[in-house]
Amino acid sequence: LPPHHFLTTISSRLTQTFFLAGGRVREAFGITMDPAQLAVLQQAMAAKGGHDHAKPPSAGACSQPTAIEDLDRSTSALNATNTDAIAGVMALPAPEGPAVEPLRSDADEQLLLTIQLRQMYKLHSIKVAGPSDGSAPATIKLFINRDNMDFSDAEDLPPTQTLQLSGASATLPLQFTKFQAVSSLTVFLESNQGDTESTALSRLELIGMPVATTNMKDLKKVG
C-alpha cells in the first residue's frame, strides 16, 4: 500500500483510518476528511520520505544458510584420543595461525560425534576437512534426532544420508528435504581415505538456518 493509504472500517459510523510509515496516525469519522487536515498529513508523509517497510522478524528470518555457531560447546565424541580438540575443530570463526590439532580416533579408524543444537534447524550442507596424509574421513554417515547413539547403532541403523569425502576438504550438500527439522546430528566417520589405523578430523561445520527461536533446553518432556 502507498504511504498515504487509508482504511475504511465499518462500526456504528464509517471511519477512515490514515496510516503513516506503517502506523495509524489519524482516524476521521464520516465519509471524508477535512482538506486542511489531509494536506497536513500529506506534508508529514513527504517529510518521512515515503513508506517505511516493516523489518522482518529476527526469528527464522535468515534468508541464506550460514555456519552455525557454538557447536563446539554441545558436541561429544566416542573413540577419540583427544576430545579437547573438538573446541578448535568446530570453533567459529575458524582459528587463525598455526594449524588446529585434529580430532583423532583411538582404537580404530571410526569416530562418532553427537551434536546437540540449541534450537531446531534446517541443515543445508556440512563442511568436513582432514589432513592430507590419508587420515582424512572418507565415508561419513549422518543421523538426525537420535540421542545416545553408539557404534552398534551407527552400523545397524539406516543413516539419514551417507556422504563421501574424496579430498582433504569439502563442503558437502545435504538432501535438504531430509534435514528440515534437526535438533541433534550424529556424525559417524566410518572410514578414512588412506585406510590408516586412525582417522583425523581437522574441521567440521554445519551450515543451515533456524526453524524458529525455540530453545531446545526450554522444551519439557510430556508424559
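Trainee: What counts as a salt bridge here?
Mentor: A side-chain nitrogen of Lys or Arg within 4 Å of a carboxyl oxygen of Asp or Glu. Keep in mind that this is a predicted model.

Trainee: Which residue does Lys 141 meet in a salt bridge?
Mentor: Glu 190. The N to O distance is 3.4 Å. Lys 141 sits in strand E8 (residues 139-144), and Glu 190 in the loop between strand E11 (182-189) and strand E12 (200-201), so the pair ties together parts 49 residues apart in sequence.

Trainee: Is Lys 141 buried or exposed?
Mentor: Buried, because its relative accessibility is 16% and the cut-off is under 20%. Glu 190 comes out at 23%, so it counts as partly exposed.

Trainee: How many salt bridges does the rule give?
Mentor: Three.

Trainee: OK, Asp 70 next. What does its side chain meet?
Mentor: The side chain of Arg 118, at 3.5 Å, N to O. Asp 70 is in the loop between strand E4 (66-67) and strand E5 (75-78), while Arg 118 belongs to strand E7 (residues 111-129), so this bridge ties together parts 48 residues apart in sequence.

Trainee: And how accessible is Asp 70?
Mentor: Asp 70 has 28% relative accessibility, which makes it partly exposed. Arg 118 is also partly exposed, with 48%.

Trainee: Switching to Arg 203. Which partner there?
Mentor: Glu 205. Their side chains form a salt bridge at 3.0 Å, N to O.

Trainee: Arg 203: buried or exposed?
Mentor: Buried, with a relative accessible area of 9%. Glu 205 counts as buried too, at 13%.

Key: Residues numbered from 1 in each chain as written. Predicted model: local features only at pLDDT ≥ 70, side-chain atom pairs only at ≥ 80, totals over all residues. Heavy atoms only, no water. Helix = DSSP H or I, 4+ residues; strand = E, 2+ residues; numbered from the N terminus. Buried < 20%, exposed > 50% of the residue type's maximum accessible area, 1.4 Å probe, protein only.
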